[in-house]
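This report goes through selected local features of one protein model. The sequence and the structure come before the details.

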Amino acid sequence: MDYSQFFSAALNRLHDERRYRVFADLERIAGRFPHAVWHSPRGERNVVIWCSNDYLGMGQHPKVVGAMVESATRSGTGAGGTRNIAGNNHSLIQLEQELADLHGKDSALVFTSGYVSNQTGISTLAKLLPNCLILSDALNHNSMIEGIRQSGCERIVFRHNDLGHLEELLRAADPDRPKLIVCESLYSMDGDVAPLAAICDLAERYGALTYVDEVHAVGMYGPRGAGIAERDAVMDRIDVIEGTLAKAFGCLGGYIAARADIIDAVRSYAPGFIFTTALPPSICSAATAAIRHLKTSQWERERHQDRAARVKAILQAAGLPVMASDTHIVPVFVGEPERCKRASDLLLEDHGIYIQPINYPTVPKGAERLRVTPSPYHDDVLIDRLAEAMVQVWEKLGLPLGAKALAAE
């Protein structure tokens, strides 16, 4: 049997649907972010990165880099295996204590990625609750959906941020049945925010647990960078907070923070934790340094919000179809996968600007976009150049500008 035909057919389907993904070969240089080197088919070129999730540039911060180097020099490069086998490296314990303190919880548990923390955390929690009913926001991330699916529990999807629909579903459920409300605090494709206080009100009224994904908000919002829940003063009302170390904290890994019994139960039952090699000490030390810095430093958050506001204003003034967003996410509507990919290619090839296209299934078909994420290090000159380049690309591809484009959304 020719097995290659199946793989070729699968790849051809992606090409036909304009969903085949191509990744640029980029080399970040510490101290130069958002500038990077693109190893293009024609050789090395300097480019500006406009879509990194290293939102605050902490991946190059001297404290973070220094902590990683010092830890690797002292403890070596690996963790030695799973925590079950190798034990807890001390840097990991310090990191979990720092995360628990950040979110005002008893304990925290670190995983190898934010994806794994959702996939494993949700599935394990739900399995431990007899006959659990999971109520999931319609725009939840794939990692959350996979966690729900793997739990084997009944799931009901409520319309995105629709409190009336959520209450209707909660009211219809058996009052004595365990219920888990699963949502994000900040939805990264549209940049909108969940009404966390109202969701907590409903959870308390109908006896549900709450699980909130803060991956695009930790480090970014709140007086100490604990996220939207801290900003909105509801952190103590949320049962489980999930976050990442790979975005605003500039490192790698994911985590959950909660009461001690919840964390211990996940630690004891979760296959995605028990059978996975732990994060190495150097990563843990770097993440701890980033969290400690952002607990006290406001400059990164304030500068970042200023840059995001300026990008929105300049792009809108240029007539580009900037989708409404109250956060640091700046989505620019395209609405067609092939031209979205082409716009990304032209920005990179002709203007040295890297913005990855966002196509289905990350967003619904017809909602394709470029997702711009400014950092504190994108200055006024770079922002003006971005606007000029995008206008030229829009004109070259015949893409509609301004209100006309958004009307088709």
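In which loop is P34 found? P34 is in the loop between β1 (26-28) and β2 (35-40). The model is a predicted one, and every value below is computed from it.

## Cis peptide bonds

The bond that joins F33 and P34 is a cis peptide bond, with omega at about 15°. A cis bond also runs from Y360 to P361, where omega is near 10°. P361 belongs to the loop between β15 (357-358) and β16 (369-372).

## Positive phi angles

Most residues other than glycine have a negative phi, and most peptide bonds are trans. N161 is not a glycine, yet its phi is positive, at about 55°. The residue sits in the loop between β6 (154-158) and α7 (163-172).

The place of A233 is the loop between α9 and β11. With a relative accessibility of 61%, A233 counts as exposed.

## Salt bridges

Side chains of opposite charge can pair when their charged atoms come close. The structure holds 28 salt bridges. One of them pairs R83 with E96, with 2.9 Å between the closest N and O atoms. R83 lies in helix α3 (residues 83-86) and E96 in helix α4, so this pair ties together parts that are 13 residues apart in sequence. Both R83 and E96 are buried.

R259 takes part in a salt bridge with D239, at an N to O distance of 3.9 Å. R259 is in the loop between β12 (254-258) and α10 (260-269), while D239 is in the loop between α9 and β11 (240-244), so the bridge ties together parts that are 20 residues apart in sequence. The side chain of R259 also meets that of D261 in a salt bridge, with 3.1 Å from N to O. How exposed is each of these residues? R259 is partly exposed, with a relative accessible area of 39%, and D261 is partly exposed as well, with 47%. D239 counts as buried because its relative accessibility is 18%, and buried means under 20%. A network of salt bridges links E98, D101, R224, R292 and K295.

## A buried glutamate without a salt bridge

Which side chain of opposite charge is nearest to E214? That side chain is R231, which is 8.6 Å away. E214 is buried and has no salt bridge; a bridge would need a nitrogen and a carboxyl oxygen within 4 Å. E214 is located in the loop between β10 (208-213) and α9 (228-231).

A polar atom of the E214 side chain does lie 2.9 Å from the backbone nitrogen of A229. Leaving aside residues up to four places away in sequence, E214 touches S185, A226, G227, I228, A229, I241 and E242.

L95 is a residue of helix α4 (residues 90-103). L95 counts as buried because its relative accessibility is 0%. Which residues does L95 touch, not counting those up to four places away in sequence? They are V110, L245, C284, A287, T288 and I291. Between L95 and I353 there are 35 Å in space, C-alpha to C-alpha, and the two are 258 residues apart in sequence.

## A nonpolar surface patch

M1, Y3, F6 and F7 form a nonpolar patch on the surface. Together these residues have about 560 Å² of accessible area. M1 is placed in the segment before α1 (4-16). Is M1 buried or exposed? M1 is exposed, because its relative accessible area is 75% and the cut-off for exposed is over 50%.

Conventions
Residues are numbered from 1 along each chain as its sequence is written. This is a predicted model: local features need pLDDT of at least 70, side-chain atom pairs count only at pLDDT 80 or more; totals for chains, interfaces and linings use all residues. Side-chain values use heavy atoms; hydrogens and water are left out. Patches are made of residues with over 30% relative accessible area and no salt bridge: like charges are joined within 9 Å, nonpolar side chains (Val, Leu, Ile, Met, Phe, Trp, Tyr) within 5 Å. Accessible areas come from the Shrake-Rupley method with a 1.4 Å probe; for residues, only the protein chains shown count as cover. Helices (H or I, at least four residues) and strands (E, at least two) are DSSP runs, numbered from the N terminus. Buried means under 20% relative accessible area, exposed over 50%, partly exposed in between (1.4 Å probe, protein chains only). Lys and Arg count as positive and Asp and Glu as negative; His and the chain ends are not counted. A polar contact is a pair of N or O atoms within 3.5 Å; within protein, one must be able to donate a hydrogen and the other to accept it, and residues adjacent in sequence count only if both atoms are side-chain atoms. Contact means heavy atoms within 4.5 Å.
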